[in-house]
Amino acid sequence: MDEFTPTVGVSSTRPADMPEDHSALPVWNAENWFYEDWPVGQRIRSLRRTIGENDSHLFNTLVVDIHPYVQDQMFAEREGIFGRRLVAGAFVFSAGLGLVATNCVNAFSYGYDKLRFIKPVFIGDTIYTIRTNMEKTPRYKDLGLIRASYQVFKNEGELVLYCEHLQTVKYKNPADFAGKTEK
């Protein structure tokens with residue numbers, strides 16, 4: 001059993017602009033944890049997702065990625081070094097992080113560090129992600145900075161992507177961090 005208390009689905013927003021009985025329902029895939037609630041060392045694993053032809057094509061169309069390695073089957077088979085089409089790295093990044101993303105109303109993306117595409121992902125591969133909460137630092141008057149690593153794996157555990165996500169997160173009790181922040 002995990003030593004950390006779950007934060008997903010514990011509580012949610014209660015919007016006043018909908019019927020009260022609807023507002024009282026927990027919001028799926030939403031959190032409202034604060035900086036103080038974020039456990040350093042916690043690890044979670046996502047469900048798996050198989051990347052299909054349509055997923056890859058739709059993403060490439062949306063972002064206008066027409067590189068022959070992701071769009072041209074004949075090129076990929078005859079001239080490409082992998083012998084088949086790749087899934088765009090930007091899609092692997094987006095889908096991989098999306099697999100463990102939640103909708104925390106108190107957290108705001110600050111950026112990504114150390115993004116590396118380690119191995120290729122191909123159409124038909126199945127990916128999953130492990131997120132590890134690495135560290136947290138009081139940063140601003142009302143927000144702390146947290147860092148989590150994301151490891152995206154394909155198929156039976158082959159690491160294909162690594163990055164670290166920085167987020168600012170609201171304090172539950174900002175007064176507890178007075179004089180401890182960097183800015």
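Ser-94 is partly exposed, because its relative accessibility is 38%; the class lies between buried (under 20% relative accessible area) and exposed (over 50%), with a 1.4 Å probe and protein chains only. Ser-94 sits in helix α5, residues 89–98. From Ser-94 to Tyr-35 the C-alpha distance is 24 Å, across 59 residues of sequence.

This is a predicted model, in which local features need pLDDT of at least 70 and side-chain atom pairs count only at pLDDT 80 or more, while totals for chains, interfaces and linings use all residues. Residues are numbered from 1 along each chain as its sequence is written, and side-chain values use heavy atoms, with hydrogens and water left out.

**Confidence**
- The mean pLDDT of the chain is 90, and 92% of the residues score at least 70; pLDDT is the predictor's confidence in each residue, from 0 to 100.
- Strand β1 (residues 30–31) has the lowest mean pLDDT among the elements, 73.
- Strand β3 (residues 49–50) has the highest, 98.
- Where pLDDT is low, predicted coordinates should not be read in detail.

**Fold**
- The chain holds five helices and eight strands; these are DSSP runs, with helices as H or I of at least four residues and strands as E of at least two, numbered from the N terminus.
- Their order from the N terminus is α-β-β-β-α-α-α-α-β-β-β-β-β.
- Along the principal axes, the C-alpha atoms fill a box of roughly 65 × 40 × 35 Å.
- Of the contacts with a separation of 6 or more, 69% join residues 24 or more positions apart; a contact means heavy atoms within 4.5 Å.

**Surface and charge**
- Buried residues are 37% of the 183 in the chain.
- The chain exposes about 11,000 Å², with 55% supplied by carbon and sulfur atoms; areas come from the Shrake-Rupley method with a 1.4 Å probe.
- There are 21 positive and 23 negative side chains; Lys and Arg count as positive, Asp and Glu as negative, and His and the chain ends are not counted.
- The centres of the two charge sets lie 4 Å apart, with each charge placed at NZ of Lys, CZ of Arg, CG of Asp or CD of Glu.

**Cysteines**
- A disulfide is a pair of cysteine sulfur atoms within 2.5 Å, and the count is zero.
- Cys-104 is buried, with a relative accessible area of 12%.
- Cys-163 is also buried, at 0%.
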